[in-house]
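Reader: I am new to this structure. Please show it to me, and then let me ask about the words used to describe it.

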Amino acid sequence: MAMQAGFRRETKVDVIVVGAGFGGLYALHKLRSLGYQVEVLEAGSGVGGTWYWNRYPGARCDVESLEYSYSFSESLQQDWEWPERFSGQADILRYANHVADRFDLRRDIHFNTRVVSAIYQGSSNQWKITTDTGECFSARFCVMATGNLSLPRVPNFKGLRAFKGQWYHTGQWPKHKVDFTGLRVGVIGTGSSAIQLIPVVAKEAKELTVFQRTANFSLPSGNSPLDRDFVKNFKSRYAAHRLEAERTPFGIAGHPPPTQFSREATPEEREQAYKARWGTGGNIAFLYAYKDLLTDKEANEIASEFVRQQIRKTVKDPAVAELLAPKDHYIGTKRLCLDSGYYETFNHSHVHLVDVKTHPIEEITETGIRTSHRDYRLDAIIFATGFDAMTGALLDIDIRVEQGPSLREHWAHGPTTYLGIFIAGFPNLFMITGPGSPSVKSNMIAAIEQHVDWIHDLLARIQSTGVNTVEATPEAESAWVNHVNDVANGTLYPLTNSWYTGSNIPGKPRVFMPYVAGLDKYRDHCAQLARAAYPGLKCSSPSAVNH
């Protein structure tokens, strides 16, 4: 019999996971253990998620390598060797590929497959997932491991198509080496990606012009090769380190929580405390100087001014130093960056800083960038313009319930979730590190493992009780959103325009999205819910009996 026109073959599985970054890889490995048939759909040609796409020069993690790694396998922890204290993109991607091979994950991953829609059909209790390749999948459960920083903010400058040079986005960097030797290069943006990239590109470029709208705080990373004896000792106590990390807000060991308020210290003591943390590496140590650094404006201003003074001491041109010294937000309320020689780079005669608040970019021309002040001739442009964070990758997919609202409609006024895992009205749909969870305000891999383990345990319970569907109640979602907001409003975070609030995307609802009470408190809350048989979740059996 001939196949009917328009017929699409449907692959039926138990679980579809969207994304093959660290969240998707661990979800695949963990959910297999329940006997489920799990398939992963990945837009890229390889695993690694953000570390697959962000290949720009200087890309590096700001969590130490021995912490930014999986803890679920002791043999993996012991066998893998990290070369540096803060790993570069290439090493992290190598690690992700090693994990995929070690646990035989590739056989269930569909690469070069971008999900365009996920529609829940209540009559069959199935999620129907379609892709840009025309494939169709059917699964009882759908796990969104789409990542928090995975939808680049694509440049929308007038005249971009007219530019005769090459242009790049840090979040969509080509796989091949890009050589800027002898070129006039422009970088738009001074966020984390740009701060990592600029010192590296400056070493090659004939001339580098940085177009800055908002200055950001950055600390010297103190990155270095890992000492073998240090690693050996660390690995001998890996289990203890992981246990300690679980009891911390950031999911990272080695940083005792502060015991003193800033006002309880003398000015000299505060100066010494910040000096001791400057250059030692890691942003947590700095933010952990005092208990009130992220809750008290005066305490924060003291810390902010300390960093500004370091910038003024480092950058020789006073005018440039003042432009690089942030004055419009509290330190730590935007991503606190780590760098390797960022501020020092502006002491080179071939590196220039343009303040686009004073002289806005008007258009991209055939030969470069035109601001309201002058034309800049460029051979290459790098857009370090960030991401539609937290929600962008989810809303890029048409997620909806048949004969019900779409996710975009449900989130029209900002994301609402229960635990950052569930969305009320969307049965059998799970998010890994979604908005309303600690996610980007913690060690992402620690947060990922906690989420996946908790989802695994819930699904194991579902298996044993014959439950057919699970979803958050509207009341539980509303209560959780209120709690997330209450916690955030007790801090300085919501006072700053940042991608944490969606302020970098025109028209996006301004909502502070991460849960900032800490991964430790979140972990305890989730464990308590599990012990109490998951209040806030509506579970339905095939006979439609709720319990």
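Author: Start with Leu419. Leaving out residues up to four places away in sequence, Leu419 touches Gly436, Ser437, His451, Trp454, Trp480, Tyr522, His525, Cys526 and Leu529. Keep in mind that this is a predicted model.

Reader: Where does Leu419 lie?

Author: Leu419 sits in the loop between α14 and β18.

Reader: What makes Leu419 buried rather than exposed?

Author: Its relative accessibility is 0%. Buried means under 20%. Therefore Leu419 counts as buried.

Reader: How far is Leu419 from Ser124 in sequence and in space?

Author: The two are 295 residues apart in sequence. From C-alpha to C-alpha, Leu419 and Ser124 are 27 Å apart.

Reader: Where is Phe426, and what makes Phe426 buried?

Author: Phe426 lies in the loop between α14 (407–410) and β18. The relative accessible area of Phe426 is 2%. The cut-off for buried is under 20%, so Phe426 is buried.

Reader: Which residues does Phe426 touch?

Author: Not counting residues up to four places away in sequence, Phe426 touches Trp127, Ile399, Arg400, Val401, Pro405, Ser406, Leu407, His410 and Glu471. Take Leu407 from that list. Leu407 and Phe426 are 19 residues apart along the chain, with their C-alpha atoms separated by 8.6 Å.

Reader: Which residues of α15 and α17 meet?

Author: From α15 come Ala446, Ala447, Gln450, His451 and Trp454. From α17 come Leu519, Tyr522, Arg523, Cys526, Ala527, Leu529 and Ala530. The residues of this contact divide into nine nonpolar, two polar and one charged.

Reader: What about salt bridges? How many does a search of the whole structure find?

Author: The search finds 27.

Reader: How do you know that Asp108 and Arg107 meet in a salt bridge?

Author: Look at the N to O distance. For Asp108 and Arg107 it is 3.5 Å. A salt bridge needs the nitrogen within 4 Å of the oxygen. The side chains of Asp108 and Arg107 therefore meet in a salt bridge.

Reader: Are Asp108 and Arg107 buried or exposed?

Author: Asp108 has 12% relative accessibility and counts as buried. Arg107 is at 55%. Exposed means over 50%, so Arg107 counts as exposed.

Reader: What makes Glu322 and Arg312 a salt bridge?

Author: The closest N and O atoms of Glu322 and Arg312 are 2.6 Å apart. The limit is within 4 Å, so the pair forms a salt bridge.

Reader: Which parts does the pair of Glu322 and Arg312 tie together?

Author: Glu322 lies in helix α11 (residues 318–324) and Arg312 in helix α10 (residues 297–314), so the pair ties together parts that are ten residues apart in sequence. Both residues also belong to a network of salt bridges, linked with Glu301, Glu305, Arg308 and Lys327.

Reader: Why is Glu322 called partly exposed?

Author: Its relative accessible area is 32%. Buried is under 20% and exposed is over 50%, with partly exposed in between. So Glu322 is partly exposed. Arg312, at 26% relative accessibility, counts as partly exposed.

Reader: What is noted about the phi of Thr433?

Author: Thr433 is not a glycine, yet has a positive phi of about 55°. Thr433 is found in the loop between β18 (429–431) and α15. At 3% relative accessibility, Thr433 counts as buried.

Reader: And what is the phi of Asp104?

Author: Asp104 has a positive phi of about 50°, although it is not a glycine. The loop between α4 (89–102) and β3 (109–110) holds Asp104. With a relative accessible area of 40%, Asp104 is partly exposed.

Reader: What is the mean pLDDT of the protein chain?

Author: The mean is 94, and 97% of the residues reach 70 or more. Over residues 1–7 the pLDDT is below 50, and this stretch has zero contacts in the model beyond near neighbours in sequence. Over residues 543–547 the pLDDT is below 50, with seven contacts beyond near neighbours in sequence.

Technical notes:
Residues numbered from 1 in each chain as written. Predicted model: local features only at pLDDT ≥ 70, side-chain atom pairs only at ≥ 80, totals over all residues. Heavy atoms only, no water. Contact = heavy atoms within 4.5 Å. Helix = DSSP H or I, 4+ residues; strand = E, 2+ residues; numbered from the N terminus. Nonpolar A, V, L, I, M, F, W, Y, C, P; charged D, E, K, R; others polar. pLDDT = per-residue confidence, 0-100. Buried < 20%, exposed > 50% of the residue type's maximum accessible area, 1.4 Å probe, protein only.
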